[in-house]
Amino acid sequence: MSDPIVAVEHLTLAYPGDRGRPAVSVLTDVSLNMARGGALTLVGPSGSGKSTLLRCLNRLEEPTAGTVRFDGRDVRSLDPRELRRRAALVMQTPVLFEGTVRDNLWLRPAGTPGDFSEARLSEVLIEVGLEPLFLDRDAATLSGGEKQRVTIARALLRDPQALLLDEPTSALDPPNAALVVETISRAREARRLSIVAVTHQPELVRHLGGSLLFLVRGRVEAYERLDGGASAIGDARLQAFLAGESPRAVPAKP
Amino acid sequence: MSGASSVIDLSLGQLGLALLLVGVVVLVSLRQGLGLERDLLVGSVRTIVQLYLVGLILAAVFSAARWYLVVLVVAVMTAVATQAAVSRLAKPIPGGHQIAALALTVSTAVTLAYVIGVVVRVRPWYEPQYVIPIAGMILGNAMTSAALAGDRLQGDLRSRAPEVETMLALGFSGREAVQPLVRAALRAAMIPTVNGMMTVGVVQLPGMMTGQILAGSSPLVAIGYQIMVMFMLAAGTAMASLLFVRLAAGRYLTAAHQLRRYLL
């Protein structure tokens, strides 16, 4: 890949042990890269380090060793605040702050570039499938699916190059999950966004395409491209996942 | 003090009579199966021993009236208060001991210097009769407020981590991201002091004022001191909890604006 948006090389992450106990290894020697406008899905059992890996990409986590490059630059050479604007994170449980939807969309550090005009806010709300009338709604009164779409709108307003999605649909019921999947796919096409997602939802993976990375206990166990369709997938566990089986139930390689 | 001669000196026999009050509590504990007898006994013995020891030390310091002895006593009090402030935390804050020592030392030193040097104008400045009890009051309250603030901050960091990380992911600095939690912790720490200012004298007579009145001071002299004490405690607790919470919040953040979740 000549010009990847995200490139991870030999990333290892361990947390220091609590009170003299040995360090806790979370990720070991993970490498991956993703083309500009591409998609990558991280799958694996709970506790396999998927979310931690995702959070290394916008430097919410600090690797112990290895490098993460975003748009050609080592993330350690970027201002983390600027990096996080360009690689916007959407979390599993949407966090909206006190106030209206407008207050939440406006929420940004002083000096954040971009258009935060009323017209633009409405435009982005429409992009995520919500009426502009929502601007005046109290954020606390929204449904889970609406909240998640507002957090996606909040991310899109900053014109990111990449969206990092941490199980964006797992806290939602199926109809709302489907709406969020649709929202993400549409935004991706319209904006040529690069997407890295942690998900248990095969539906989202099928929409995104790209590559699939299977993590078990912090190590890459399989890493395959989806271009040829599900049938071209060689790894049985990835096939099972795409067929709708929960990856939690899939045993790790002995 | 003018009326000091009117104080009734309590004899050992009289203290023995006071101990009968604890005896009643022991009986109640036995009857009701509270299981507190042992603690009550140990507590009574500790009360007697600790206070006698402190009394002996203070009597020696008072009669020697040397500035370095006064400073030493205040330093020991600060060390004990530091230990007490951090020992109540659910999970140790990394470097919590140094943070608490710094917060308590600075807040006590600044408040004490102002009260002794500017407000009361004690001569000489190290007059133990003033410095030690006033330092004790500031430290005691500073310790409680720092512990309350630290406890609240820790609890909030744990329960509100997604909020903090959402702020960080939106490009806010670490300091900006924890600011709402710092504010909540400071409010929690300050509430007892502010409530105290609201109800002082009406709900209860504060210990210092009671002591002065018992010692024969006119209630009007006593309230003068009490008013100063309330203001002094407001300043001391605010400074201690602000320093403690700011420094403690910093320990949970990195220079790259990350929340060190593994510490929570």
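Tutor: A crossing is called right-handed if the near helix is turned clockwise from the far one by less than a right angle, and left-handed if it is turned anticlockwise. Helices are DSSP runs of H or I with at least four residues, numbered from the N terminus. This is a predicted model, where local features need pLDDT of at least 70 and side-chain atom pairs count only at pLDDT 80 or more, while totals for chains, interfaces and linings use all residues. Residues are numbered from 1 along each chain as its sequence is written, chains are lettered from A and ligands numbered from 1 in the order in which they are written, and side-chain values use heavy atoms, leaving out hydrogens and water.

Let's start with H5(B), residues 128-159, and H7(B), residues 174-199: their axes come within 8 Å and cross at roughly 145°. Axes here are lines fitted to C-alpha atoms, for helices over the stretch in contact, and angles run from 0 to 180 degrees between N-to-C directions. H5(B) passes H7(B) in a right-handed crossing. On the H5(B) side, the residues in contact (heavy atoms within 4.5 Å) are Ser145(B), Leu148(B), Ala149(B), Arg152(B), Leu153(B), Asp156(B) and Leu157(B). They meet Val178(B), Leu181(B), Val182(B), Ala184(B), Ala185(B), Ala188(B), Ala189(B) and Pro192(B) of H7(B). This contact has 12 nonpolar residues, one polar and two charged. Here Ala, Val, Leu, Ile, Met, Phe, Trp, Tyr, Cys and Pro count as nonpolar, Asp, Glu, Lys and Arg as charged, and the others, Gly among them, as polar.

Now follow chain B on to H8(B), residues 207-214, and H9(B), residues 219-251, whose axes lie 9 Å apart at an angle of about 155°. That angle makes H8(B) roughly antiparallel to H9(B), a label for angles over 145 degrees, with under 35 roughly parallel, 65 to 115 roughly perpendicular and the rest oblique. The crossing of H8(B) and H9(B) is right-handed. H8(B) brings Met208(B), Met209(B), Gln212(B) and Ile213(B) to the contact, and H9(B) brings residues including Pro219(B), Tyr225(B) and Val229(B). Nine residues of this contact are nonpolar, two are polar and none is charged.

For a contrast in setting, glance at chain A. H1(A), residues 50-57, has seven of its eight residues buried, so it is largely enclosed by the rest of the structure. Buried means under 20% relative accessible area, exposed over 50% and partly exposed in between, using a 1.4 Å probe and protein chains only. Among the buried ones are Lys50(A), Arg55(A) and Leu57(A). Arg59(A), with a positive phi near 60°, follows H1(A).

How values were computed:
Helix = DSSP H or I, 4+ residues; strand = E, 2+ residues; numbered from the N terminus.
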